[in-house]
Each structure stands twice: as structure tokens, then as C-alpha cells.
Amino acid sequence: MEELLKTAGIYYNSSSANLKQLAREFFKSLDFDNDAKSASMSSSGNGSLKFMEVMSLYYIIKSGRPFCEGCDEFIPGMFFTCSECFENGTNNPFCVCPMCFENERFIHPSHKSNLFLDNYTLLEAKRQSAMATRIAAEAKQLEAKREEELLATFATFPRQNQVINVVIENFTFRLFW
Ligand SMILES: [Zn+2]
Ligand SMILES: [Zn+2]
């Protein structure tokens with residue numbers, strides 16, 4: 001939980017004043033114990049801790065932190081996820097905690113390949129795919145540029161032919177006269 005609090009804190013601190021204000025308003029609207037004071041933003045006491053706990057909860061929801069399909073527990077750290085479910089963009093990606101993954105304490109019959117990736121490898125795979133897309137786009141751009149250059153060369157052909165004709169005419173003229 002400590003890591004989640006820290007992550008939520010980093011997000012909160014680096015967000016805009018506007019967003020911070022919205023977060024505070026949201027927190028105040030929860031009004032713990034029906035007492036506006038308990039939801040205060042004081043740096044001492046429970047107020048600030050409660051606020052960060054709510055921010056952590058918000059972060060958990062927003063970041064799509066998963067619950068384990070094996071033990072049903074919230075997975076606070078790294079996890080393994082079915083790459084097929086992930087790529088299919090399903091609403092419920094199939095994720096398991098390291099313990100359940102290691103002990104095969106889960107049933108996932110929908111995908112026989114059972115290619116599970118941990119969240120770090122998944123992030124890396126996403127980077128690789130983005131890189132491949134960029135390289136392909138650059139190659140396409142280069143090809144289009146080459147084609148354009150080739151077309152420009154063709155466009156100057158008639159003129160070049162004219163020059164050659166003039167040279168040939170002059171040459172024949174000198175030969176015969
Ligand atoms: Zn589990
Ligand atoms: Zn799956």
C-alpha cells in the first residue's frame with residue numbers, strides 16, 4: 001500500500017492547480033463522518049493521510065490496477081496478464097498475482113496459448129510496437145520522397161531530349177556542310 005500512496009502522491013503533486021482543486025473538492029464532497037473538519041487538508045493528523053488514501057483509491061481505479069483471477073485479491077505490485085486478452089482489448093483483462101501464477105492457481109480456458117506477460121514486459125512490448133510503427137511510417141515517407149524525385153526526373157526528360165536534338169542537329173550540320 002505504501003508504494004500506491006507514494007505513486008498517487010507523485011501524480012497529485014505534479015498535477016496542475018486546477019486538477020488539485022478538483023481533487024480537493026471531490027474529497028470534501030465525500031465528507032467523512034459527516035464532519036467537514038475530518039476531511040480537512042491539514043498537513044498534521046488524519047486529514048492529509050485520508051486525502052492521500054482517497055487519491056490512491058482514485059489512482060487504483062484510473063490506472064486499472066487489477067485484482068487476481070486466482071485469489072481475488074487486489075494486486076499491489078507486479079502481475080502477469082494474458083497477452084491475448086490484453087491485445088483483444090477486452091473489458092476484463094485476465095491478470096494473476098505472482099504467487100498464483102507460480103503455483104498455477106488459476107483457470108483460464110478461453111486462451112489455450114496461455115502466453116502470460118508481466119506488466120514490465122508488456123510495457124516494453126508496447127514500446128517495441130510503437131517503434132515498429134514509427135519505423136514503418138518513416139520508410140513509407142522515404143519511399144514517397146524517392147517516387148517524387150523520380151517523377152521530377154521524368155518531368156525534365158523532354159527538355160533533355162530537346163538539348164540532345166539540338167546537339168545532334170548541330171553535329172550533322174557541321175558534318176554535311
Ligand atoms: Zn493471486
Ligand atoms: Zn486470455
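## Report on a predicted single-chain model

Strands β1 and β2 run antiparallel and are joined by 2 bridges. Helices and strands are DSSP runs, numbered from the N terminus; a helix (H or I) has at least four residues and a strand (E) at least two. Two strands count as paired if DSSP finds at least two bridges between them. Phe80 has Val96, in β2, as its bridge partner. The open sheet has 3 strands in the order β2-β1-β3, with antiparallel pairing. Its edge strands, β2 and β3, each pair on one side only.

This is a predicted model, in which local features need pLDDT of at least 70 and side-chain atom pairs count only at pLDDT 80 or more, while totals for chains, interfaces and linings use all residues. Residues are numbered from 1 along each chain as its sequence is written, and chains are lettered from A and ligands numbered from 1 in the order in which they are written.

The pLDDT is the predictor's confidence in each residue, from 0 to 100. For the chain, the mean pLDDT is 83, and 85% of residues reach 70 or more. Residues 36-44 have a pLDDT below 50; beyond near neighbours in sequence, this stretch has 18 contacts in the model. A contact joins two residues whose C-beta atoms, placed from the backbone, lie within 7 Å.

The chain holds 7 helices and 3 strands, and from the N terminus on its elements run α-α-α-β-α-β-α-β-α-α. Of its 177 residues, 11% count as buried. A residue is buried if 20 or more other C-beta atoms lie within 10 Å of its own, exposed if 12 or fewer, and partly exposed in between; here too the C-beta atoms are placed from the backbone. Among contacts between residues at least 6 apart in sequence, 57% join residues at least 24 apart.

Two helices are set out below. The expected span of a helix is 1.5 Å times one less than its number of residues.

| Helix | Residues | Number of residues | Distance between end C-alpha atoms | Expected span |
|---|---|---|---|---|
| α6 | 119-155 | 37 residues | 54 Å | 54 Å |

Of the 37 residues of α6, the number buried is 0, so α6 lies largely in the open. In α2 the number buried is 1 of 14 residues, so α2 also lies largely in the open. Helix α6 lies across β1 and β3, running at about 95° to β3; axes are lines fitted to C-alpha atoms, for helices over the stretch in contact, and angles run from 0 to 180 degrees between N-to-C directions.

A nonpolar core is a set of buried Ala, Val, Leu, Ile, Met, Phe, Trp, Tyr and Cys residues joined through C-beta atoms within 7 Å. The largest such core has 12 residues, among them Cys68, Ile75, Phe80, Val96, Phe101 and Phe116. The elements that give two or more residues to this core are β1 (80-82), β2 (95-96) and α5 (98-102). Leaving aside residues up to four places away in sequence, Phe101 touches Phe80, Val96 and Phe116. A second, separate core has 5 residues, including Leu4, Ala8, Phe27 and Phe51.

Most residues other than glycine have a negative phi. Asp72, although not a glycine, has a positive phi of about 70°. Asp72 sits in the loop between α3 (46-62) and β1, and counts as exposed because it has 9 C-beta neighbours inside 10 Å. Glu104, also not a glycine, has a positive phi of about 50°. Glu104 lies in the loop between α5 and β3 (116-118), and with 10 C-beta neighbours inside 10 Å it counts as exposed.
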